[in-house]
Amino acid sequence: MGDKISSVYDVNSLTSLEKLEPVRVRPGMYIGSTGSKGLHHCIWEILDNSIDEISNGFGDKVCVILNEDGSVSVIDNGRGIPTGTHPVTKKNGVEMVFTSLHTGGKFNNDIYKTSGGLHGVGGAVVNALSSWMEVEVKQNGHIYKQKFEYAYDSTLKKIMPGTPVTGLEIIGNTDDTGTKVTFMPDNKVFSTVDFKLDIIEERLKELAFQNKGITLKLIHWEEKNKVEKEYHSDRGLLDFIEYLNESKTPLHKEPILFQGERSVEGIKMKGEVCIQFTDSTTYHIASYVNNIPTTESGTHESGFKTGMTRAFKEWAKKLNLIKEKDREFEGEDLREGMTAIVKVSINNPVFEGQTKTKLGNSEAYTIMNELSYTKLSEWIEDNKNTASIIINNALHAAARREKIKKINDAEKKKIGKGAAPLAGKIAVCTLKDSSKCEFIVVEGDSAGGSAKQARDRRFQTIMPSKGKIMNTEKQKLENVLGSEELKIFNTAIGTGILKNYNEKDLKYDKIIILSDADVDGYHIRALWMTYIYRYMRELILNGHLYIALPPLYKVYKQVRGKEVVKYAYSDNQLLQAKREIGPKALIQRYKGLGEMNPDQLWDTTLNPESRTLQQITIDDVIKAEKMVSLLMGDVVAPRKKYMYKHAEF
């Protein structure tokens, strides 16, 4: 029956966590997760503090170093963390910042007008989740240093996270100012302590674009060789939007750029927006608050959308592009093909959660609504020809939306009459508990047939895919909705697409793409991932999308009349398998899934106990957006450049 729970619940049952213990016990509350995303969030917490210094006018350089021992250093030339002794706590400023939650200058608007490190917990949280941390401060003509470890606390008489193991010592003299923080993430906390270079590079690029004129540097080691990269932008958001739209075809050459400052009920906010429309059928908004990416949007983004729609709707009538009896376009029609960067600086932001991915200030909505409406109205008056192109694009999008609605209504009627497109196409599992069920898209009818025989019928649904689906990045929405294969997939998954997506209607916990381990197989994966990214992005964001990795080799031999088998998924694994099988090992190179019999397919690719699945995640929305456009879009030159650069890979 399991362990018994005590029926006694009194004051003796209460537990109080001391100092940084709460962070160690519940790290997800502070950094979102203990996986790769949370690991990188530790860098962002320290980096945000350096950027806050620069944003408020102190310093112009930040360097991130991925050290050879696995630790990370972040160095800036700001004012340096205060080193004096606090009159009340009797602790030096460095110790206060890195051992006490909710400590910092961010609560005082005389020190920081705007800040990304809002809650004053970032430094202390990173310290708590590190096996050790060293902080160096250049200030008052001296270089100070203090070290912290997950170590014995003599006061509390127990091992504690972030324990100071030295005092704040003077180790040298200098006329410079700034802070250097080095930390070693604790592998007992994080499921991985391997930092991903491309994620860090993308974040530094974004910060350089947002803070024109500053210099960001990244240093790392490749095979004992030191590699340095610098990120700098002179045009700020104009450079940023050019970077984002590199693989798209703009409808107008000069981007729309505006900025302004407003105050509402004591909240001061500065907004800067850059917009460019392209021939894409989707839109993308990159929004930021005090340099923090707000990937879940928020009130600033909503206010921008409302103000923009209002301005263009009014001018559509003034320019006689819409007559009184005509049906108006909606906000979503106007945004079709739009790339926008919405950057705000606000003195008292209210974020939802410590990871700060969504802004909650109602004042931000009011300010951005009014600012966007006013500035865009002025822009339209001075740029009527370009505005007419954008409005006509919205009217065409509205017409397509009406057409698509008719297609959807017709499909619903078919399904209502029992003419659902699933019959005979897929092998549906018997379990009704969606949390235990898997939907597996298999390349080709031959492999699909084997998979139907091999699967566990209780929880695995198989959909054979007839080769390659259309490249949805290049197709108009009505063409995508007309695809029979995608109709089958959509009906089976159950969530709906785009703004109609509803997670509650998802019929499967895992959506798995199974294709050959060759160029065509990789292309098929890319086509399915592109469709899901564009039309059902929540499947990826909520952790439902996987790639099944089929083996490349079967290594085997007969031993006493019995076959001993090892499967290898890479050339390195092949060498290992040959060593394990021993002399006279035979090797079969699989050219495709169709070569496997049902038993082999089950053992290698379908059996949850022995298969290899790769979960598809979006660590950086900006990079994902750019890569989908780059690899799957119409513009060839950037794709060629990328492929030449990564030819060896």
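Modeller: Radius of gyration here is taken over C-alpha atoms, and the globule rule is 2.2 Å times the number of residues to the power 0.38. This is a predicted model, where local features need pLDDT of at least 70, side-chain atom pairs count only at pLDDT 80 or more, and totals for chains, interfaces and linings use all residues. Residues are numbered from 1 along each chain as its sequence is written, and side-chain values use heavy atoms, with hydrogens and water left out.

Biologist: What radius of gyration does the protein chain have?

Modeller: The chain has 649 residues, so a compact globule would come out near 26 Å. The model agrees with that, at 28 Å.

Biologist: And how many helices and strands are in there?

Modeller: Helices (H or I, at least four residues) and strands (E, at least two) are DSSP runs, numbered from the N terminus. The protein chain comes to 20 helices and 22 strands.

Biologist: Which strands stand at the edges of the open sheet of three strands?

Modeller: Pairing needs at least two DSSP bridges between strands. The sheet runs E20-E19-E21, with antiparallel pairing. Each edge strand has a single partner, so one side of each is left without a neighbour in the sheet; these are E20 (562-568) and E21 (586-589).

Biologist: What volume does the largest cavity have?

Modeller: Its lining includes Asp516, Pro550, Tyr590 and Met596. By class, that lining has seven nonpolar, one polar and three charged residues. The space inside is about 50 Å³.

Biologist: Between which domains does the second largest cavity lie?

Modeller: This cavity has a volume of about 30 Å³, and Ser280, Thr281, Glu473 and Arg534 are among the residues that line it. Its lining has one nonpolar, four polar and two charged residues. Two domains both give residues to that lining, so the cavity lies between domain 2 (237-411) and domain 3 (420-543).

How values were computed. On a 1 Å grid over the protein atoms alone, a cavity is a set of points where a 1.4 Å probe fits but cannot get out, and a pocket is an open set with protein on both sides within 12 Å along at least five of seven lines; lining residues have an atom within 4 Å of a point. Grid points are joined across faces, edges and corners, and a volume is the space filled by probe spheres set on the points. Ala, Val, Leu, Ile, Met, Phe, Trp, Tyr, Cys and Pro count as nonpolar, Asp, Glu, Lys and Arg as charged, and the others, Gly among them, as polar. Domain bounds come from an automatic or database domain assignment.
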